[in-house]
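Here is a short report on a protein model.

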Amino acid sequence: MLFADHPVVLRGGGDLATGVAVRLQRSGFPVIICELAHPLTVRRTVAMSSAVPAGSVVVEGVVAQRVDTTEQAVAMRGSGVVPVMVSPTLPTLAAVPRSVVVDARMAKRALDTTITDAPLVVGLGPGFVAGHHCHAIIETQRGSRLGRVLWSGSGDPDSGVPGGVGGGGRDRGGRAAGAGVVWWA
């Protein structure tokens, strides 16, 4: 099997999705990232989603570049540069042929990804049920199962608590008191 013959579409370009993109790109898979017009990424300096506002970004030596059309994305994939296109919905299979879809949006619940989106569909994190929403789930909860591939059932539920860093846990995150817009400085 030649990896170059199996294009991958990543839904989301946040930090975990970027880790997946870097690994797949280095392994020889052609990758396209679909991202929102205003990415929800928190760890922006290590996320390919940052290519949406910046035009391009380099993470772990891999270049990601914003493209404006599916045609540009398809033409660029496999070139050594990861195309990032604004596409809140998954492009049709005819527009963007693929062997694999990875839903790495970390929504903590299943959204609109279906098991029929590609021959292999993988979900990252909680909310997915293998055999229903996707073929496999990658466990993202810190602990002994982190990174495990689950071919049946579901991953650990969302704990609602950020992973501990430097002794901090729940207090590491903040919640807005109401709806609004955040402007990054």
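## Positive phi in two loops

Glu 60 sits in the loop between β3 (56-59) and β4 (62-67). Helices (H or I, at least four residues) and strands (E, at least two) are DSSP runs, numbered from the N terminus. Phi of Glu 60 is near 50°, a positive value in a residue other than glycine. At 59% relative accessibility, Glu 60 counts as exposed. Buried means under 20% relative accessible area, exposed means over 50%, and partly exposed is in between (1.4 Å probe, protein chains only).

Met 106 also has a positive phi, about 55°, although it is not a glycine. Met 106 is found in the loop between β6 and β7. With a relative accessible area of 23%, Met 106 is partly exposed.

The model is predicted: local features need pLDDT of at least 70, side-chain atom pairs count only at pLDDT 80 or more, and totals for chains, interfaces and linings use all residues. Residues are numbered from 1 along each chain as its sequence is written, and side-chain values use heavy atoms, with hydrogens and water left out.

## Overall fold

The protein has three helices and eleven strands. Along the sequence they follow the pattern β-α-β-α-β-β-α-β-β-β-β-β-β-β. The radius of gyration is 16 Å, close to the 16 Å that the globule rule gives for 185 residues, so the protein is as compact as a globular protein of that length. That radius is taken over C-alpha atoms, and the globule rule is 2.2 Å times the number of residues to the power 0.38.

The C-alpha atoms fill a box of roughly 45 × 40 × 30 Å, taken along the principal axes. Of the 185 residues, 39% count as buried. The accessible surface comes to about 10,200 Å². Carbon and sulfur atoms hold 57% of that surface. Areas come from the Shrake-Rupley method with a 1.4 Å probe; for residues, only the protein chains shown count as cover.

Contacts (heavy atoms within 4.5 Å) can also be split by sequence separation. Among those with a separation of 6 or more, 37% join residues 24 or more positions apart.

## Salt bridges

Side chains of opposite charge can pair when their charged atoms come close. The rule here asks for a side-chain nitrogen of Lys or Arg within 4 Å of a carboxyl oxygen of Asp or Glu. By this rule the count comes to five salt bridges. The table gives some of them.

| Pair | N to O distance |
|---|---|
| Asp 112 and Arg 11 | 3.0 Å |
| Arg 66 and Asp 68 | 3.6 Å |
| Asp 103 and Arg 105 | 2.7 Å |

Which residues are linked in a network of salt bridges? They are Arg 11, Asp 103, Arg 105 and Asp 112.

Take the bridge between Asp 112 and Arg 11. Asp 112 lies in the loop between β6 (100-103) and β7, and Arg 11 in strand β1 (residues 8-11), so the pair ties together parts that are 101 residues apart in sequence. Arg 11 is buried, at 3% relative accessible area. Asp 112 is partly exposed, at 39%.

In the pair of Arg 66 and Asp 68, Arg 66 is partly exposed at 33%. Asp 68 is exposed, with a relative accessible area of 63%.

## Local sites

Thr 41 lies in the loop between β2 (31-35) and α2 (51-54). Is Thr 41 buried or exposed? At 9% relative accessibility, Thr 41 counts as buried. Its side chain makes a polar contact with the side chain of Ser 49 (2.5 Å). A polar contact is a pair of N or O atoms within 3.5 Å; within protein, one must be able to donate a hydrogen and the other to accept it, and residues adjacent in sequence count only if both atoms are side-chain atoms.

Ser 154 belongs to strand β11 (residues 153-154). Ser 154 is partly exposed, at 42% relative accessibility. Leaving out residues up to four places away in sequence, Ser 154 touches Phe 128, Val 129, Ile 137 and Arg 145. Ser 154 and Ala 136 are 18 residues apart in sequence and 9.0 Å apart in space, C-alpha to C-alpha.
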